[in-house]
Amino acid sequence: MTWSTRQVAELAGTTLKTVRHYHRLGLLEEPERSPSGYKRYDVRHLVRLMGIRRLTDLGVPLSDIPSVAAADGRSTEILRALDDELAANIERQQRMRRQLAAVLEDGASLDLPADFGAAAASLPRAQQDLLVAYSSVFTPTAMSVIRDQYARPRDGIAEEFEQLPADAPEDERRRLAGHLAAEVRAQRADHSFITDLDAASRRNGALTRSVVTQALVEFYNGAQLGVLRHLHALLEQSEADQADQASVADLAVEGDERGELYRSGDAHPQRVTPGATG
């Protein structure tokens with residue numbers, strides 16, 4: 001017994017158009033025709049058609065079906081590549097589900113970078129936009145540090161800065177900068193890459209700096225930018241003071257070592273080579 005094209009398509013769970021497409025690609029052999037000119041398919045065509053459908057359901061591209069069906073030298077390579085692709089798709093879909101769950105269950109914002117959760121959802125819109133801009137240039141490690149900062153309980157100083165009006169007086173800007181300086185120093189101590197924009201970036205250094213600069217100017221008002229300028233000055237001064245203290249400590253150690261040499265008799269003023277001590 002034989003079947004028409006429509007019948008064999010129905011038996012294989014596909015469509016008449018698909019069967020004809022497989023014929024054009026050479027995946028399915030053309031059957032003999034009846035005296036009246038109609039194609040007549042037998043069980044061999046049905047088995048072949050169902051095999052093609054099985055491979056396409058697994059995601060094998062039509063162009064690779066001949067190799068896989070023939071189990072030739074490329075068959076294993078094709079299937080391994082397909083498996084890797086499926087694994088990556090599953091991971092991506094699981095990540096998407098986690099993000100959707102954070103929105104549906106935890107109230108996270110869709111506008112924020114992934115994994116920021118509900119902690120940053122209450123931020124002003126400008127602050128959220130700043131985080132989105134940062135996510136385009138910073139490494140996942142750097143973004144995770146920023147995320148952890150927002151996951152901690154917020155203090156009054158951070159909220160004051162976020163809500164600072166554009167016409168805030170100069171003394172208020174300096175006060176906030178002074179309070180923020182201690183927190184930033186602690187962050188730098190825990191995460192050294194914070195002081196190195198290139199290390200925190202996954203882009204070209206110049207491109208990262210342009211994004212950060214434009215984002216700050218765009219999403220912070222004049223008073224907030226003033227606080228950041230004062231903060232930068234305080235941090236630079238602190239670093240300079242630490243460098244000076246280190247130099248003084250080095251000189252003190254060097255003086256102690258010289259004194260010990262003289263006291264032990266291992267050195268004598270006349271025997272010290274000029275310039276040897278710098």
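Predicted model: local features only at pLDDT ≥ 70, side-chain atom pairs only at ≥ 80, totals over all residues.

Reader: What share of the residues counts as buried?

Author: Buried means under 20% relative accessible area, exposed means over 50%, and partly exposed lies in between (1.4 Å probe, protein chains only). In this protein chain of 278 residues, 30% count as buried.

Reader: How much accessible surface does the protein chain have?

Author: Accessible areas come from the Shrake-Rupley method with a 1.4 Å probe; for residues, only the protein chains shown count as cover. For the protein chain the total is about 18,000 Å², and carbon and sulfur atoms hold 52% of it.

Reader: What do the contacts say about sequence separation?

Author: Contact means heavy atoms within 4.5 Å. Among contacts in the protein chain with a separation of 6 or more, 52% join residues 24 or more positions apart.

Reader: How are two packed helices described?

Author: Two packed helices are described by the angle between their axes and the distance between the axes. Axes are lines fitted to C-alpha atoms, for helices over the stretch in contact, and angles run from 0 to 180 degrees between N-to-C directions. Angles under 35 degrees count as roughly parallel, over 145 as roughly antiparallel, 65 to 115 as roughly perpendicular and the rest as oblique.

Reader: At what angle do α1 and α3 cross?

Author: The axes of α1 (residues 5-12) and α3 (residues 43-57) cross at roughly 50° and come within 9 Å. That makes α1 oblique to α3. A crossing is left-handed if the near helix is turned anticlockwise from the far one by less than a right angle, and right-handed if clockwise. The crossing of α1 and α3 is right-handed.

Reader: Which residues meet there?

Author: From α1, Val8, Ala9, Leu11 and Ala12 meet Leu46, Leu49, Met50 and Arg53 of α3. By class, this contact of α1 with α3 has seven nonpolar, no polar and one charged residues. Ala, Val, Leu, Ile, Met, Phe, Trp, Tyr, Cys and Pro count as nonpolar, Asp, Glu, Lys and Arg as charged, and the others, Gly among them, as polar.

Reader: Which residues of α6 are buried, and which helices do they pack against?

Author: In helix α6 (residues 125-135), the buried residues are Gln127, Gln128, Leu130, Leu131, Ala133 and Tyr134. The buried residues of α6 pack against α7 (140-151), α8 (156-162) and α11 (205-219).

Reader: How do α6 and α7 cross?

Author: Their axes come within 11 Å and cross at roughly 160°. That makes α6 roughly antiparallel to α7. The crossing of α6 and α7 is left-handed. Gln127, Leu131, Tyr134 and Ser135 in α6 meet Met143, Ile146 and Tyr150 in α7. The residues of this contact divide into five nonpolar, two polar and no charged.

Reader: And at what angle do α6 and α11 pack?

Author: The angle for α6 and α11 is about 170°, with the axes 10 Å apart. These two helices are therefore roughly antiparallel to each other. Ala126, Asp129, Leu130, Ala133 and Tyr134 of α6 make the contact with Val211, Val212, Ala215, Leu216 and Phe219 of α11. By class, the contact has nine nonpolar, no polar and one charged residues.

Reader: Is Tyr150 buried or exposed?

Author: Tyr150, in helix α7, is buried, with a relative accessible area of 13%. The C-alpha atoms of Tyr150 and Phe116 are separated by 8.2 Å, although the two are 34 residues apart along the chain.

Reader: Where is Ala71, and what is its phi?

Author: Ala71 is in the loop between α4 (65-70) and α5 (75-106). Its phi is near 55°, a positive value in a residue other than glycine. Ala71 is exposed, at 59% relative accessible area.

Methods
Residues numbered from 1 in each chain as written. Heavy atoms only, no water. Helix = DSSP H or I, 4+ residues; strand = E, 2+ residues; numbered from the N terminus.
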